[in-house]
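User: Please pick one part of the model below and look at it closely. Then follow its neighbours out into the rest of the chain.

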Amino acid sequence: MPSPSFPPHRTATMKTALRFLLSALALAGACAAHAAYPDRPITMIVPFSAGAGTDLTARTVAQCMEGQIKGATIVVTNRPGASGDIGLAALATAAPDGYTLGIVNTPGVVSIPIERQTRYTVASFDFLGAVADAPGTISVHADSGIHSIQDLVRAAKAKPGGITVGTQGVGSAGHIALLLLEQSAGIELTPVPFQGAAPARTALLGKVIDSTMANVDEAVGFRNGSPWRILGVMSDTRSPVAADLPTFKEAGYDIVAGSMRGFAGPKGMPREVVKTLSDAIRTCAADPVFLDRAQKAFLPVRYLPPQEHLDSLRRLDTSLRELWKAKPWNQ
């Protein structure tokens, strides 16, 4: 049976109408998709175990973000292992659609790609802002004859390699802080790796090791009610959570090290989604609930907007590459 035919003017009219209809549907679909974000749960990856300080920070901010982003449900998922490498790789390789976020800590997000082949670098992420910055510390048992940073340096020079120092593993914030101290003071220490700050604390209190590295929030919490002496903090100025502690700069060693906690998503997320998420994180960094929990956990709050967050990581990348040339931390 032959196909029906229409007059040329009618065919042109129908084609024009169809084009308008398809354009209108596409525009409506795009607008609906934009207006609907988020239209399903958002996953927030934590590259460390549940219950640790990073995990608590992530969960507090996630809960706040749900109240800031209309319709948002944020599911926190722990992906621990390999000093954060597993979780960071999962974050970097996720679809850049705004439905996978993660909390990222220094130095791991910078140091891991320097020491070995990874599926990511700093350039693999869209950064959304930092919320806290915990400088490193070094502590000894309260019975130790070492009472200051200067005492520690003198003891290390008198007996190179004779002082054992707990770290949270090869390439961890504590390990890199230790290397910076060795480099700045011209000393040699013996790192002893542990699976976190808590087991290193147990070893120090049991006098199995002579000293240990820890971020200031961990160290201040550990010393409460314990025979624990913090020698100093590795920050530009004294920490607001422990103003009694001198900085290493005050002792003559220009060392700034520790762990900054911030948030990111895979590179290439839609600009409007990045803005929605970063605006929520900025608000949450000043949220009374977050500030109260940070104070109780001795966590120094320091908000950095996305570009400043990225700039800080780029500077860290430069300094750690220089450190790697002099002291490769996986050897």
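Analyst: The buried residues of helix H3 pack against strand E1 (42-46), strand E3 (100-105), helix H4 (108-115), strand E4 and strand E9 (258-266). Packing is judged by contact, meaning heavy atoms within 4.5 Å. Helices (H or I, at least four residues) and strands (E, at least two) are DSSP runs, numbered from the N terminus.

This is a predicted model in which local features need pLDDT of at least 70 and side-chain atom pairs count only at pLDDT 80 or more, while totals for chains, interfaces and linings use all residues. Residues are numbered from 1 along each chain as its sequence is written, and side-chain values use heavy atoms, with hydrogens and water left out.

H3 covers residues 85-92, and seven of its eight residues are buried, so the helix is largely enclosed by the rest of the structure. Buried means under 20% relative accessible area, exposed over 50%, and partly exposed in between (1.4 Å probe, protein chains only). The buried set is Asp85, Gly87, Leu88, Ala89, Ala90, Leu91 and Ala92. For the chain as a whole, 49% of the 331 residues count as buried.

The loop between strand E2 (74-78) and H3 contains alanine 82. Alanine 82 has a positive phi of about 55° although it is not a glycine. With a relative accessible area of 40%, alanine 82 is partly exposed. Lysine 207, in the loop between H7 and E7, has a positive phi too, near 60°. Lysine 207 is exposed, at a relative accessible area of 52%. Most residues other than glycine have a negative phi, and most peptide bonds are trans.

The loop between helix H1 (8-36) and E1 holds proline 38, and the peptide bond from tyrosine 37 to proline 38 is cis, with omega near -5°. Proline 107 sits in the loop between E3 and H4. The bond joining threonine 106 and proline 107 is also cis, with omega about 5°.

On a 1 Å grid over the protein atoms alone, a cavity is a set of points where a 1.4 Å probe fits but cannot get out, and a pocket is an open set with protein on both sides within 12 Å along at least five of seven lines; lining residues have an atom within 4 Å of a point. Grid points are joined across faces, edges and corners, and a volume is the space filled by probe spheres set on the points.

The largest pocket holds about 1,100 Å³ of space. Its lining has 48 residues, with Phe48, Ala52, Gln168, Gly196 and Glu218 nearest the centre. H4 and E9, among other elements, each give two or more residues to this lining, and H2 gives the most, with five. The lining divides into 22 nonpolar, 22 polar and four charged residues; Ala, Val, Leu, Ile, Met, Phe, Trp, Tyr, Cys and Pro count as nonpolar, Asp, Glu, Lys and Arg as charged, and the others, Gly among them, as polar.

About 810 Å³ lies in the second largest pocket, which is lined by 33 residues. Asp133, Met234, Val256, Ala257 and Gly258 are nearest its centre. Elements giving two or more residues to the lining of the second largest pocket include E4 and E9, while H6 gives the most, with six. By class, this lining has 17 nonpolar, 10 polar and six charged residues.

A disulfide (a pair of cysteine sulfur atoms within 2.5 Å) joins cysteine 64 to cysteine 284, S to S 2.2 Å. The S-S torsion is about -95°, so the disulfide is left-handed. Cysteine 64 counts as buried at 11% relative accessibility, and cysteine 284 is buried at 1%.
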